[in-house]
Amino acid sequence: MIEIERKFLVTSTDFISQAFAHNRIAQGYISKNPERTVRVRIKGDKGFLTIKGKGNESGLSRFEWEKEIPVEEAQQLMHLCEKATIDKTRYEVQSGNHVIEVDVFYGENEGLVMAEIELSSETETFLKPEWLGEEVTNDVRYYNGYLSEHPFKSW
């Protein structure tokens, strides 16, 4: 249940034609405590409850527990969430043996396009598409919890 993830800014929309799937996502935070973030997500017609622990020193790894819940329950839990929610479309792109998830944000975070890739180890290599730009894995500004309080448009 350890998540190893790297984040990158995206430099073009070329990923859209390469995507094999995409879903609209709404997510809110019941708790944004850095020691244990509790997130509610509605992805298409599915609901999820996720708990994430604090990242390690490199910022690449952290504990993550996620459970699918009925979408009706997720909708009800969204009413308990703090402040603003995150609204985005997630595109899934195959890149070698990995899937890169590209998020296109809306609302107060419009203009931000960010990619994430999950790895099996912190040193694992992966095929990097040309549209992957600057790595922002360790930059707290690009965490969804931060974006919900400090939207991209306000930077």
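Arg-90 and Asp-103 are both buried, in what is a predicted model. The two residues form a salt bridge in which the closest N and O atoms are 2.7 Å apart. Since Arg-90 belongs to strand S6 and Asp-103 to strand S7, the pair ties together parts that are 13 residues apart in sequence. The relative accessibility of Arg-90 is 4%, and Arg-90 is therefore counted as buried, the limit being under 20%.

Arg-90 has a further partner, Glu-101, with 3.4 Å between the closest N and O atoms of this salt bridge. Here too distant parts of the chain are linked, with Glu-101 in strand S7 and Arg-90 in strand S6, eleven residues apart. Side chains of opposite charge can pair when their charged atoms come close. Salt bridges with shared partners connect Lys-7, Lys-88, Arg-90, Glu-101, Asp-103 and Glu-116 in one network. In total, the model contains 16 salt bridges. One of them joins the side chains of Arg-141 and Asp-139, at 2.6 Å from N to O. Arg-141 has a relative accessible area of 35%, so this residue is classed as partly exposed, between the limits of 20% and 50%.

| Salt bridge | N to O distance |
|---|---|
| Arg-90 and Asp-103 | 2.7 Å |
| Arg-90 and Glu-101 | 3.4 Å |
| Arg-141 and Asp-139 | 2.6 Å |

Thr-89 also lies in strand S6. Is this residue, Thr-89, buried or exposed? With a relative accessibility of 6%, Thr-89 counts as buried. Its side chain makes a polar contact of 2.6 Å with the side chain of Tyr-106. Leaving aside residues up to four places away in sequence, Thr-89 touches His-22, Asn-23, Arg-24, Val-102, Asp-103, Val-104 and Tyr-106.

The overall architecture comprises three helices and nine strands. Along the sequence, these elements follow the pattern β-α-β-β-β-β-α-β-β-β-β-α. Of contacts between residues at least 6 apart in sequence, 59% join residues at least 24 apart.

The protein chain has 155 residues, for which a compact globule would have a radius of gyration near 15 Å; the chain has 15 Å, in agreement with that value. The C-alpha trace spans about 40 × 35 × 30 Å along its principal axes. Of the 155 residues, 44% count as buried. The chain exposes about 8500 Å², of which carbon and sulfur atoms supply 49%.

Technical notes: Residues are numbered from 1 along each chain as its sequence is written. This is a predicted model: local features need pLDDT of at least 70, side-chain atom pairs count only at pLDDT 80 or more; totals for chains, interfaces and linings use all residues. Side-chain values use heavy atoms; hydrogens and water are left out. A salt bridge is a side-chain nitrogen of Lys or Arg within 4 Å of a carboxyl oxygen of Asp or Glu. Helices (H or I, at least four residues) and strands (E, at least two) are DSSP runs, numbered from the N terminus. Buried means under 20% relative accessible area, exposed over 50%, partly exposed in between (1.4 Å probe, protein chains only). A polar contact is a pair of N or O atoms within 3.5 Å; within protein, one must be able to donate a hydrogen and the other to accept it, and residues adjacent in sequence count only if both atoms are side-chain atoms. Contact means heavy atoms within 4.5 Å. The radius of gyration is taken over C-alpha atoms; the globule rule is 2.2 Å times the number of residues to the power 0.38. Accessible areas come from the Shrake-Rupley method with a 1.4 Å probe; for residues, only the protein chains shown count as cover.
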